[in-house]
Amino acid sequence: MPELKRLHAGHAPAVLAFESANRAYFAASVPDRGGDFFDRFTARYNALLAEQAAGVCAFHVLVAEDGSVLGRFNLVDIEGHTAELGYRVAQHVAGRGVATAAVRELCRLAAAQHGLRTLRAASARRNAASQKVLTKAGFVPVGPADPAHLSGEPGTWYQRDLVLRPDPAVLPGNRLRDGATTG
């Protein structure tokens, strides 16, 4: 079963393999990272780890049982109790609920480990799959995204409130929980 893990230095080869193998697939729905990303991968990767160590971001990879990376799930621009969510999954697992499950898990981790209360995510209009994942994971559209934020493409901001709400079935004094009947 795939596991969402905090990014570390040892993941670098698997992350590079993931990005390389899925480059054309990603470019069909989001702007291509460009050749410089791959040419300078080690330097960029180390910079990401430094950002994570500084607490500005929290990067995660979805790792398959064989150690390969199935997806990347990131919390960026962590400030106060808010962060921006970004993610991508490998083509061979797309459409199987993998991204939705990992986004839901990252929402749980964002609240529990980072004290975040709100996550935001921008999705390009042409990226229907991403919009579907966000909606299924409890995000709601909150307005247009500046095209500059999406590499020149029009899009929409989505947001999810992470504040945990108590389950009414377990609140003190709840008659149903205490065994009372409603009739």
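In the predicted model, strands β3 (residues 69-79) and β4 (residues 82-89) pair in the antiparallel sense over seven bridges, where strands are DSSP runs of E of at least two residues, numbered from the N terminus, and two strands pair if DSSP finds at least two bridges between them. Within this pairing, V76 stands opposite E84 in β4. Both strands belong to an open sheet of seven strands with mixed pairing, in the order β1-β2-β3-β4-β5-β7-β6. Its edge strands, β1 (3-6) and β6 (140-145), each pair on one side only, and the twist averages 30° from one strand to the next.

Helix α1 (residues 12-21; helices are DSSP runs of H or I of at least four residues) lies across β2 (58-63), β3 and β4, running at about 105° to β3, with axes fitted to C-alpha atoms, for helices over the stretch in contact, and angles from 0 to 180 degrees between N-to-C directions. Helix α6 (residues 128-136) lies across β4, β5 and β7 (155-161) and runs at about 160° to β5.

Residue T118, found in strand β5 (residues 118-124), has a relative accessible area of 18% and is therefore buried (under 20%, with a 1.4 Å probe and protein chains only). Not counting residues up to four places away in sequence, T118 touches H81, T82, A83, Q159, R160 and L162, contact meaning heavy atoms within 4.5 Å.

The mean pLDDT (the predictor's confidence in each residue, from 0 to 100) of the protein chain is 88, and 88% of its residues reach 70 or more. Over residues 166-171 the pLDDT is below 50, and this stretch has six contacts beyond near neighbours in sequence.

Residues are numbered from 1 along each chain as its sequence is written, and side-chain values use heavy atoms, with hydrogens and water left out. Local features need pLDDT of at least 70 and side-chain atom pairs count only at pLDDT 80 or more, whereas totals for chains, interfaces and linings use all residues.

How values were computed. Buried means under 20% relative accessible area, exposed over 50%, partly exposed in between (1.4 Å probe, protein chains only).
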